[in-house]
Amino acid sequence: MDLILWRHAEAHLLREGQADTQRALTAKGERQAQRMAEWLNQRLAESTRVLVSPALRAQQTARALDRSFKTVAALAPEGTPDDLLAAARWPDSNEPVLVIGHQPTLGFVAARLLAEAERYWSIRKGAVWWLRHREREGVVQVVLQAVQGPDLL
């Protein structure tokens, strides 16, 4: 199973009286989302399930892909690594899953799957971490397929 973690692109700072989930992408964030979407669309299988946080900045990031996606409340900013892994059906999903979400959850998931540790790993805004679960000679492995930031494209 492939699990692709995509942190939403750069968003505006929280304004007084504004809900965190209503922060929109900045102009830079829109460019980041578009560049990363182009990179992903060249590599993602058609069967990839796309799961997205209900936060506006994640929804806007997802729209850059120009694919259908499912909004999942459990992927909201206060979601947990367990919520994310359950929504993605890790490691048993039959198709690749792209999750568009938030820090610190994405970093905690990456640390858990790659290092079997509960650590805070930072994933940059707009960046993708592509993980693959596989079994080789009876040994279960999680392989880091790619790490790509929007500013490197």
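Modeller: A term is needed at the outset: buried means under 20% relative accessible area, exposed means over 50%, and partly exposed lies in between. Please bear in mind that this is a predicted model.

Biologist: Is arginine 112 buried, partly exposed or exposed?

Modeller: The relative accessibility of arginine 112 is 22%. Buried requires a value under 20% and exposed a value over 50%. Arginine 112 therefore counts as partly exposed.

Biologist: Which residue meets the side chain of arginine 112 in a salt bridge?

Modeller: Side chains of opposite charge can pair when their charged atoms come close. For arginine 112 the N to O distance in the salt bridge is 3.0 Å.

Biologist: Which residues do salt bridges with shared partners join into one network?

Modeller: Arginine 23 and aspartate 20 meet through their side chains in a salt bridge of 3.0 Å, N to O. Arginine 23 is buried, at 14% relative accessible area, whereas aspartate 20 is partly exposed, at 29%. Through shared partners, salt bridges form one network of Asp20, Arg23 and Arg57.

Biologist: How many residues apart in sequence are the parts tied together by glutamate 10 and lysine 28?

Modeller: The side chains of glutamate 10 and lysine 28 meet in a salt bridge, at 3.9 Å from N to O. Glutamate 10 lies in the loop between E1 and H1, while lysine 28 belongs to helix H1, so the pair ties together parts whose separation in sequence is 18 residues.

Biologist: How many salt bridges does the structure hold?

Modeller: The pair of glutamate 10 and lysine 28 is one example of a salt bridge. For the structure, the number of salt bridges is 9.

Biologist: Which element supplies the largest share of the largest nonpolar core?

Modeller: This core has 21 residues, and Trp6, Leu40, Leu65, Leu98 and Ile100 have the most contacts inside it. At least two of its residues come from each of E1, H1, E2, H2, E4 and strand E5 (128-136). The largest share, 5 residues, is supplied by H1.

Definitions and conventions:
Residues numbered from 1 in each chain as written. Predicted model: local features only at pLDDT ≥ 70, side-chain atom pairs only at ≥ 80, totals over all residues. Heavy atoms only, no water. Salt bridge = Lys/Arg side-chain N within 4 Å of Asp/Glu carboxyl O. Helix = DSSP H or I, 4+ residues; strand = E, 2+ residues; numbered from the N terminus. Buried < 20%, exposed > 50% of the residue type's maximum accessible area, 1.4 Å probe, protein only. Core = buried A, V, L, I, M, F, W, Y, C linked by side-chain atoms within 4.5 Å.
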